[in-house]
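I am opening a notebook on this structure. The entries below record what I looked up, one topic at a time.

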Amino acid sequence: MTAGNRTVQTAPKFNIDTVEHAAGTPDVELPWAELGLKQNEFEEIVKLLGRRPTAAELAMYSVMWSEHCSYKSSKVHLRQFGEKLTDEMKKDMMVGIGENAGVTDLGDGWAVTFKVESHNHPSFVEPYQGAATGIGGIVRDIISMGARPVAVMDPLRFGAIDHPDTPRLVHGIVSGIGGYGNSLGLPNIGGEVVFDSVYQANPLVNALAVGVLRHEDLRLANASGVGNRVVLFGARTGGDGIGGASVLASESFDDSKPSKRPAVQVGDPFAEKVLIECCLELFKHSLVEGIQDLGAAGISCATSELASNGDGGMRVELTSVLLRDPTLTPGEILMSESQERMMAVVTPENVAEFEKVMEKWDVEFSWLGEVTDSGRLVITWDGETIVDVDPRTVAHEGPVYNRPFHRPEWLDDVQKDGFRASSAGKSLPASGEELKAAVLELMASPNMCDKSWVTRQYDSYVGGNTTLASPDDAGVVRVDDETGLGVAISTDANGRYAYLDPYAGAQLALAESYRNVATSGAVPMAVTDCLNFGSPEDPEVMWQFAEAVRGLADACQTLGIPVTGGNVSLYNQTGTTAIHPTPVVGVLGKFDDVARRTPSGWQQNADGQAVYLLGTTRDELDGSEFANLRGHLGGLPPKLDLEAEKTLGAIVINASRDGMVDSAHDLSEGGLAAALSEMVLRFGVGARVALDDLCERDGVDAFTALFSESQARAVVAVPRSEEVRFNDMANARQFPVLRLGVVDVLATSLEVQGLFELPIAELREAHEGTLPKYFG
Amino acid sequence: MSETPLIGDVGTAAGAALSGTPLSGARIGVVTFPGTLDDRDAARAVKLAGGTPVALWHADSELGDVDAVVLPGGFSYGDYLRAGAIARFAPLMSKITKAASGAASSNPLPVLGICNGFQILTEAHLLPGSMIKNDHLKFICRDQALRVENNRTAWTNQFEEGQEITVVLKNQDGQYVADEKTLDELEGEGRVAFRYVGWNPNGSRRGIAGITNAAGNVLGLMPHPEHAVEPGFGPLGADGHYSTDGLGFFASVLSQLVDAK
């Protein structure tokens, strides 16, 4: 292996479109439309530069002004996440939206950074590499903050489980996530797997990563300090991941090379693992001033963002970039999305030490240029200037659209079509036998069935710090061996709820994620979101988006936890059919000591513990999993009560901290039926419960008690000795609490007294058989 | 440069509690190759068992002052070419191979190869056979029951023969294969150290999960004992409680080292 830029590269002789040449040839036709720019955007670039852009400049602007990089359609809405921040929400926020990932203070000098991102479109085209590089990209965002990545999670959405294309996507995406994540030594601690035909040609592959750092190791993406050196390190730059650039290549600048190149990046997890360790060593010895990963838009993004966030100027010689393919044009080099690359700013005094670390880890690097105070990003090719721009115009001052939106006309009819009144809601299970069959059907259904066919392909143990993982409500990892300090994370979204009401749907996603973190025993602290929607050019989709963002920002304010970062994925649609709006919301919580975490099922030593239900059950079946089983989607999602969520959260967190609960599970999709089944299955421990008191208190029938998806509820197991204290605590907060029954270690079933007795073995067989049946 | 620990380095609390005991004098090297993943876990396990972990770097030319060595799991060199095939040529590996095969002294170095470490040991010919892709072709991560078949090795002397223990299994290329003659020899000489209990999770010949060399100082094991050392952070045992059975491996070598001193 060759370390450093000692291999001499000869710059290929293209007909280079220099700034000077561009100024002298204003009338040259440029392929701006093929690169995805609109006419008004191209005209804006000409105005900003006072001349036509060079081919290289056009490449940079076209990728940086794309929807993916510029958030041009979503920006006007996303501002609310900043505008609605209160002082309470800012208290522990060290870095908010705008950097590679948000950072939250954990105390004791520790901080945590996390973010969720989409890799939807690449994963449909090439499932394995698309999903793999999704992990790679989000992990580099975490490293860029100066953190050690410690865990990943993957919220996934596929088309119908029995569609002929679904196995291709499930196999490819799951093995891609495993193949990359497992090789990095990052435990995969949770996520979601949902099947729904609305995601047919638009699977959602979201990837979340979390990292931890000491406060002093925090790094930001800025290039400060005139004279500091700019270095590119990691993998070489190749032709992969160049989307529109193939168009450039076939233009008149050079026509002697092959055109179409793969638009999906190819990942090398080994290179990334080495890059992680190498970066951590750089941070440990304080050898970099600023750092930025290379993701979407590659060098275009890294140089323009580093320069505009720092002293404002940078000079870069592009022929110094180490290439995998020596025939790449300057434009292609600027746009390439080759993986496993980082760019850093290093003081001249640290250059030698920096090179030593690179050599230790056998990482290739090349010095590209330096920080200047010119206010310009100047890129040369063999000494000739091919880019001379104000970096802010590339990175931050792109176009902003206030796209038209309106409430869909069809929504009224959909909202009027509630489940009860529909034909699907007519003959519902009522007898014990019917209810038992319904519970089995629910727990074997694609969305509620056991997901270990997926999660067994992920390493959840590596690092030795995982103490809860799928199927628990939240993934929990220890941060500090000595104190037990740790974090919990959950991601949630219910596309059906958001379809019925996007404002409420986004809030319900947040509420569920918050509830999951709280039931694990952690105090919720921060939010990340991945907003997956259809085309912003459709005013109805744009309305869904605007409503979801407004809802999420409002709910964050009520719960007092900030959005610290996230991602928007638009154009998830085929023709005029968009996916359900799917705002995936991740909540991060903190444990002072993870030894106090609460698992989501009754444990072997829990015999005789009392089973309690917290919260109120209403007739809320619209948009539910049960309605979904009957092929119905209409009405209004369950009522949201954020104050109740806060109170419930406080109760389960305090109960966990004071040893009043030994297991806790939130109620969400599938309602009480799913929660009780999952608690029994978790450790194979049975229970006896009765629904009579619940039905009487809340005025519902047994079917509703089991399948309603009313919010702000949880089931907990309370040791006998703690029952009085636990009841007192709930009563003092005027929160509904009801004893349902007892945990029975000797029982081999879930018994709902007077209705049915469901053997654990039968439940397990139904629950675990579904995914193997479809995917082998 | 200050020698503050890297983020994620194991703290000193567990080790400090045991310092001064005879065991803490035993120094167990943990080798890091590029792509190694479970080195911090292995170091933590050594510490929790009462020993002193010593970080070793693959490119080091000397083994230094260590009493035993762990080759931890991971994907050294990305498993490119073949799992373990490149790592075996690391400068430190030639030292380990020499010390473990007893060529240097009559007291051969105890070496535990876990997962990728087992693959490296077979590539280095310290153990026979090799590992191929799991028969079901998927990566698998699960709580795994094992039966102790040989408790007379440096790494298994704290177990009972026939005892069933639970550790973590996680691998892509975990199917142990060898020709029939070699397998018969391993069985005949009692060198099959561990077998999978119940379902064979990767198609390994004769359900073999771990083997030892003739001297009993080198143990190769596909599952991961270093992930079953702390209640709350590892697999669930057959009784539904968290298993810390992995500690037995490290306690075994520490016990042998103390006895030898």
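Predicted model: local features only at pLDDT ≥ 70, side-chain atom pairs only at ≥ 80, totals over all residues.

**Entry 1: a strand pair and its sheet**

I began with strand β2 (residues 102-107) and strand β3 (residues 110-118) of chain A, which pair in the antiparallel sense over five bridges. Strands pair here if DSSP finds at least two bridges between them. Helices (H or I, at least four residues) and strands (E, at least two) are DSSP runs, numbered from the N terminus. I looked up one bridge: A:Gly107 has A:Trp110 in β3(A) as its partner.

Residues are numbered from 1 along each chain as its sequence is written, and chains are lettered from A and ligands numbered from 1 in the order in which they are written.

I then placed the pair in its sheet. Six strands of chain A form an open sheet with mixed pairing, in the order β1-β2-β3-β6-β4-β5. I found β1 (93-95) and β5 (188-195) of chain A at the edges, each pairing on one side only. From one strand to the next, the twist averages 20°.

Helix α9 (residues 166-184) of chain A lies across β4 (148-158), β5 and β6 (204-214) of chain A, and runs at about 180° to β4(A). For such angles, axes are lines fitted to C-alpha atoms, for helices over the stretch in contact, and the angles run from 0 to 180 degrees between N-to-C directions. Contact between two residues means that their C-beta atoms, placed from the backbone, lie within 7 Å.

**Entry 2: A:Val454**

I looked up A:Val454, which sits in helix α18 (residues 452-455) of chain A. Is A:Val454 buried or exposed? It counts as buried because it has 21 C-beta neighbours inside 10 Å. The cut-offs are 20 or more other C-beta atoms within 10 Å of a residue's own for buried, 12 or fewer for exposed, and partly exposed in between, with C-beta atoms placed from the backbone.

Leaving out residues up to four places away in sequence, A:Val454 touches A:Val174 and A:Val193. A:Val454 and A:Val193 are 261 residues apart in sequence, yet their C-alpha atoms are 8.5 Å apart in space.

**Entry 3: a second sheet**

I turned to another open sheet of chain A, where seven strands follow the order β8-β10-β7-β11-β9-β12-β13 and the pairing is mixed. Its edge strands are β8 (290-293) and β13 (384-389) of chain A, each pairing on one side only. The twist averages 20° from one strand to the next. Strand β12 (residues 377-381) of chain A runs antiparallel to β13(A), and five bridges join them. In that pair, I saw A:Ile379 opposite A:Val387 in β13(A).

**Entry 4: helix α12**

I checked the length of helix α12 (residues 298-309) of chain A. At 1.5 Å a residue its twelve residues should span 16 Å, and its end C-alpha atoms are 17 Å apart, which agrees. The expected span is 1.5 Å times one less than the number of residues. The helix is mostly covered, with twelve of its twelve residues buried.

**Entry 5: two helix pairs**

Helix α5 (residues 75-83) and helix α21 (residues 539-559) of chain A pack at an angle of about 5°, their axes 9 Å apart. α5(A) and α21(A) are therefore roughly parallel to each other. Angles under 35 degrees count as roughly parallel, over 145 as roughly antiparallel, 65 to 115 as roughly perpendicular and the rest as oblique. On the α5(A) side I listed A:His77, A:Leu78, A:Gln80 and A:Phe81, which meet A:Phe545, A:Ala546, A:Val549, A:Arg550 and A:Ala553 in α21(A).

Helix α24 (residues 671-683) and helix α28 (residues 760-775) of chain A pack at about 100°, with axes 10 Å apart. That makes α24(A) roughly perpendicular to α28(A). A:Ser677, A:Val680 and A:Leu681 in α24(A) meet A:Ile760, A:Leu763, A:Arg764 and A:His767 in α28(A).

**Entry 6: chain B**

I counted six helices and eleven strands in the secondary structure of chain B. Of its 261 residues, 55% count as buried. In chain B, 33 residues are in contact with 37 residues of chain A.
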